[in-house]
Amino acid sequence: MTATPAAAPLLEARGLSFRRQDEPVFAPLDFRLHAGELALVEGDNGSGKTTLLRMLAGLLHVGEGELRWRGAPLQRDATAGDILFLGHQLGLKADFSPRENLRVAASLHGCREGANAASVLARIGLRGYEDEPVRRLSAGQKKRAALARLLLLPATLWLLDEPYANLDRIGIALVNELLEGHTDAGGAAMVTSHGTVSFHGGEPRRIRMHD
Amino acid sequence: MNRPGLGTACAAMLRRDLALAWRRRGDIAMPVLYAVIVATLFPFALGPEDTLLQRIAGGVVLVTVLLAMLLALDAMFASDIEDGSLEQLVLSPQPLALLLGMKILAHWLATALPLIVIAPLLAAMLHLPGAVIPVLLLALLLATPLLSLLGAVLVALTAGTRRSGMLLALMLLPLCVPAVIFAAGAVAAAQQGLPWLAPIAWLAAALVLAVVLAPLACAAALRIALDA
């Protein structure tokens with residue numbers, strides 16, 4: 001392990017941009033995200049929020065600019081599993097129950113210490129639906145089943161694309177609680193949202209997307 | 001951080017895909033039904049002449065089984081791409097090629113194995129001599145995984161395109177031909193009492209090559225498909 005200075009941000013972007021068919025999807029971005037911080041990615045529809053998150057997750061190649069992880073150029077092999085991505089497609093098998101979906105995820109990623117599927121599903125508000133096939137759950141419950149991954153899997157950085165979509169008032173509060181717990185524990189998160197989001201505690205950093 | 005080992009991850013992946021296949025048993029039955037219908041129709045079309053049926057039996061069973069496999073092939077990664085599971089696999093801290101290898105294995109177990117189980121029945125229906133059936137089974141045991149692996153690469157390559165079924169069939173056809181030639185060659189040689197080991201060995205060599213390379217090619221192709 002190379003010693004990294006304590007002040008090195010968890011994730012740093014320098015002049016980050018992405019082109020699709022030679023059209024820039026978003027203007028070059030510079031930002032730093034430290035451990036314990038929460039960043040809200042703002043922008044209109046089509047401004048590239050999802051593209052940015054997919055790029056940070058490693059699904060899209062980095063177009064131009066540089067990404068640094070803990071002060072060193074980001075290596076996908078080293079960060080795999082340390083970054084958790086939750087996109088529009090929830091990554092749940094409709095034929096499996098939330099419990100089975102979690103079991104598969106845990107056998108690939110591992111579990112947080114002291115976390116288990118039953119307690120995580122209870123916390124996320126799916127008590128009584130643990131063994132119901134996901135196809136029979138409502139859109140909001142599906143979202144919750146996907147969010148349960150965040151609680152079960154060990155990861156430092158959460159990249160959440162529209163985590164509030166389809167959720168009711170209690171669900172939105174729950175997501176805010178999860179984010180607060182995660183950042184308090186030294187994790188970091190980037191969240192995209194159209195709606196107005198109010199976090200308890202400190203004001204989140206805002207990353208504004210421009211065309 | 002405490003990551004699960006490769007063995008755990010691979011076993012979980014295999015179990016996951018087999019469980020999913022089992023929950024959709026109807027989809028497994030479809031290729032089997034297709035193979036039974038096609039093999040049954042041949043005697044009706046050609047007449048119940050023993051010598052003729054005997055001569056074509058090996059080839060008919062081989063082609064029927066391989067075509068039946070094609071039916072289920074394009075579903076290999078489709079549902080995982082649709083529901084975002086593939087993104088999660090790509091981002092998981094496990095080697096993608098190995099996970100995809102497990103998916104291909106599960107797909108083979110779910111679609112090709114039932115076909116191999118009924119192959120002796122189909123062969124007997126077409127009066128293939130009993131002594132040749134073990135060679136036919138051996139040829140199928142090597143040719144079907146080869147087709148699964150080659151098919152998986154093509155499915156991965158066409159993953160981004162809509163209505164990839166037609167394109168897939170066109171691309172797979174030339175790749176099927178050598179497998180069919182060697183498998184049918186082994187069966188024909190056995191039927192004539194000639195040594196049949198050489199074509200089987202060729203199939204086995206091709207399979208070994210595909211086992212090593214196909215999952216890597218699949219992983220690369222699917223990463224590219226998602227990166228768009």
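What share of the 211 residues of chain A counts as buried? In this predicted model, 40% of the residues of chain A fall into the buried class. The secondary structure of the chain comprises six helices and nine strands. Along the principal axes, the C-alpha atoms of chain A occupy a box of roughly 45 × 40 × 35 Å. The radius of gyration of chain A is 17 Å, which agrees with the value near 17 Å for a compact globule, because the chain has 211 residues.

Four strands of chain A form an open sheet in the order E2-E1-E4-E5, and their pairing is antiparallel. Strand E2 (23-33) and strand E5 (72-73) of chain A are the edge strands of this sheet, each pairing on one side only. Within the sheet, strand E1 (residues 11-20) and strand E4 (residues 64-69) of chain A are joined by five bridges in the antiparallel sense. Ser17(A) has Glu64(A), a residue of E4(A), as its bridge partner.

Arg70(A) is located in the loop between E4 and E5 of chain A. Its phi is positive, near 50°, although Arg70(A) is a residue other than glycine. Arg70(A) has 18 C-beta neighbours inside 10 Å and therefore counts as partly exposed; a residue needs 20 or more to be buried. Glu162(A), which is likewise not a glycine, has a positive phi of about 50°. The loop that holds Glu162(A) runs between strand E7 (157-161) and helix H6 (169-184) of chain A. With 19 other C-beta atoms within 10 Å, Glu162(A) is also partly exposed.

The largest nonpolar core contains 131 residues. The members that touch the most others are Leu159(A), Val61(B), Leu136(B) and Ala139(B). Helix H7 (residues 133-157) of chain B supplies the largest share of this core, with 17 residues. For Ala139(B), neighbours within four places in sequence were left aside. The remaining contacts of Ala139(B) are with Leu62(B), Ala183(B), Ala186(B), Val187(B), Ile200(B) and Leu203(B).

Note on methods. Residues numbered from 1 in each chain as written. Chains lettered and ligands numbered in written order. Predicted model: local features only at pLDDT ≥ 70, side-chain atom pairs only at ≥ 80, totals over all residues. Helix = DSSP H or I, 4+ residues; strand = E, 2+ residues; numbered from the N terminus. Rg over C-alpha atoms; globule rule 2.2 N^0.38 Å. Buried ≥ 20, exposed ≤ 12 C-beta atoms within 10 Å, placed from the backbone. Pairing = 2+ DSSP bridges. Core = buried A, V, L, I, M, F, W, Y, C linked by C-beta atoms within 7 Å. Contact = placed C-beta atoms within 7 Å.
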